[in-house]
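Reader: I'm new to this one. Could you walk me through it?

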Amino acid sequence: MNFLPTDEQRLAVEGFNRFLDTRLEPIVRRYQPDKLIEKERMLEIFQMMLPYGMGGNGLISEANGGLGMPWLTYAMMYDNLARVSGDVAISLLIQQLGAYSLEVCSNDAMRQKYLPRMVRAEIIACSGISEPGVGSNVAEVTCRAKADGDHFIVSGEKTWISNGHYSDFCMVIVRTSDEGARGLSMILVDRQEHGYESRNIDKLGLNSTSTAQLFFDNVRVPAGNMMIQAGTGLKNTLVLFEKARPMVGLTSVGIAQAALNKAVAYAKERRQHGKPIGQHQLIQGMLADSAIQLDAARLLIYRAFNLIDHGVRSEVESAMAKCYATEIAVDVASKAVQIHGGNGITKDFGVELLFRNARMMTIPDGTTEIQKLIIGRALTGLNAFS
Ligand SMILES: Cc1cc2nc3c(=O)[nH]c(=O)nc-3n(C[C@H](O)[C@H](O)[C@H](O)COP(=O)(O)OP(=O)(O)OC[C@H]3O[C@@H](n4cnc5c(N)ncnc54)[C@H](O)[C@@H]3O)c2cc1C
């Protein structure tokens, strides 16, 4: 076990950090606190990040035009992206995993048609699982894909879809038969070619990126757009969750790190009772607890990505990382608000936005409770889901 980054990782993170602090930060600041980054601007940002492997190309193999980065190196850079913009980080998370899904669980035709434009950041992907009546239990998906000759007719509604309003295509989890979990498949629906509508959702936080409802009104999609073998939709979703969950945790870590950085700066500057508040022991206690929580979360997350890089299944480790990181991030951001006193609850100091953003992340890709059920099942051998 080695906790030191390699020279390659250190240089990659340093170079990306310079870009983030000098070029990305001034752009995203213009959209804070709650203005939606336009699709064209989001694509422009992805394109600016391509040289660093952070525009949807990083985790794609060199054979398919990507950089073939290890997940752990990618994660170290993503951590910093989330520190500068949780909104851009979430958009990239979906974009990168969309490209990854095309590469590893798709057919040749879909891969050839969409992957090159994804690795050049010319189009935006989204992933449609959740529905108004289906959240934690993916097996209950109702959105239908009904066979009609050499086409499928897709009908239904998806909700809370990250990148939904931006999306050029959606990888939709659909029901192709009534056999419960075994009746789920994944089909690629192209907005321009086949047509679907979206409506952006106004939310508690992360409003600079799109979360949307998607409406599929008897959309005719060629059978060749079925990305995976019919009936394996749930299995593929669960394998993708293993990778997505530590990345969601890392989004939280980045957001909370930004809050801690602000709290440290404020504690050194703000004076009460004749000295900087950072010289009061209880304030130092809050800062120290936050730093410990963030490091512990990072270690869980980096372990999960290390396992993924070694091709080892990481369902439980990914669940632990997501569960812990997203929960402590709320606490760390909350302490940053507390350290800012009254200023903390205003829009002027930025920590209230980070608190709202952190609060969002305990829900997607399996809530905290769902992660605990996965961990509990591994500990006891007893399945609390059924
Ligand atoms: C920021 C954000 C981005 C998202 N992006 C996407 C996306 O890109 N694509 C997509 O498809 N979805 C996305 N989602 C949706 C997300 O995956 C769901 O919100 C999540 O799975 C929870 O589903 P739900 O909201 O329907 O809550 P529900 O499943 O209705 O859960 C409500 C509450 O009940 C609890 N609960 C449910 N079942 C159990 C149980 N068995 N035991 C104990 N407690 C339980 C939950 O933990 C929760 O507290 C996103 C959500 C958010 C907040």
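Predicted model: local features only at pLDDT ≥ 70, side-chain atom pairs only at ≥ 80, totals over all residues.

Reader: Which helices do the buried residues of α2 pack against?

Author: Start with the helix itself, which covers residues 39–49. Its buried residues are M42, L43, I45, F46, M48 and M49. Those residues pack against α1 (7–29), α3 (71–84) and α4 (86–104).

Reader: How many aromatic pairs does the structure hold?

Author: A pair counts when the ring centres lie within 6.5 Å. By that cut-off, the total is nine.

Reader: What is the angle between the planes of Y114 and F169?

Author: The two rings sit 4.9 Å apart, centre to centre. Planes under 30 degrees apart would be stacked and over 60 edge-to-face, with the rest tilted. This pair is tilted, at 50 degrees.

Reader: How many residues apart are Y114 and F169?

Author: Y114 belongs to helix α5 (residues 108–119), while F169 belongs to strand β4 (residues 169–175). The pair therefore links distant parts of the chain. Y114 is buried at 1% relative accessible area, and F169 is buried at 0%.

Reader: Where does F216 lie?

Author: F216 forms a tilted pair with Y196, at 5.2 Å centre to centre and 45 degrees between the planes. Both Y196 and F216 are buried. Y196 lies in the loop between β5 (184–190) and β6 (197–200), so the pair ties together parts 20 residues apart in sequence. As for F216, look in strand β7 (residues 211–222).

Key
Residues numbered from 1 in each chain as written. Heavy atoms only, no water. Buried < 20%, exposed > 50% of the residue type's maximum accessible area, 1.4 Å probe, protein only. Helix = DSSP H or I, 4+ residues; strand = E, 2+ residues; numbered from the N terminus. Contact = heavy atoms within 4.5 Å. Phe/Tyr/Trp six-rings, centres within 6.5 Å; stacked < 30°, edge-to-face > 60°.
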